[in-house]
Amino acid sequence: EENFAINDTKTATISTSSSLANCLALLMIWILGDVIERRKLLIVSMFSWIVFCFLSIFLGSNNFVVFVAFRSLAGAAAALFGVAIPVLTADI
């Protein structure tokens, strides 16, 4: 908080928006999990998580709203990890 000059409210906004995006993404994964192959879905989510994390670092450094948006998208992409990795390791 001290390094970025943000207060507790902004810190909570980052966590809350990421959690909400994660929950909404889990709903979409529940629907898409039967339609799209799991491995493809996992690869897309990993790639998009990496891209959104880097975008939040580089593009969000000057604008808090952009930072929160990209962190929320990264949280949505990370929602699949907790669901798909145990399933994929069971298939091996």
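**View 1. Surroundings of Ser-17 in the predicted model.** Ser-17 touches Val-68 and Ser-72 when residues up to four places away in sequence are not counted, a contact being heavy atoms within 4.5 Å. The side chains of Ser-17 and Ser-72 are joined by a polar contact of 3.0 Å. A polar contact is a pair of N or O atoms within 3.5 Å; within protein, one must be able to donate a hydrogen and the other to accept it, and residues adjacent in sequence count only if both atoms are side-chain atoms. Ser-17 belongs to helix α1, residues 8-32 (helices, H or I of at least four residues, are DSSP runs numbered from the N terminus). With a relative accessible area of 17%, Ser-17 is buried (buried is under 20%, exposed over 50%, partly exposed in between; 1.4 Å probe, protein chains only).

**View 2. The cysteines Cys-23 and Cys-53.** The disulfide count is zero, the criterion being a pair of cysteine sulfur atoms within 2.5 Å. Cys-23 is in no disulfide, and its nearest cysteine sulfur, that of Cys-53, is 18 Å away. Cys-23 is partly exposed at 47% relative accessibility, whereas Cys-53 is buried at 13%.

**View 3. Segments annotated in UniProt.** The unreviewed UniProt entry lists residues 12-32, 41-59 and 65-88 as "transmembrane region"; positions follow the numbering used here, feature names are shortened, and annotations may be inferred rather than shown by experiment. Residues 12-32 are 100% helix and 0% strand, with end C-alpha atoms 30 Å apart.

Residues are numbered from 1 along each chain as its sequence is written, and side-chain values use heavy atoms, without hydrogens and water. In this predicted model, local features need pLDDT of at least 70 and side-chain atom pairs count only at pLDDT 80 or more, while totals for chains, interfaces and linings use all residues.

Notes: Helix = DSSP H or I, 4+ residues; strand = E, 2+ residues; numbered from the N terminus.
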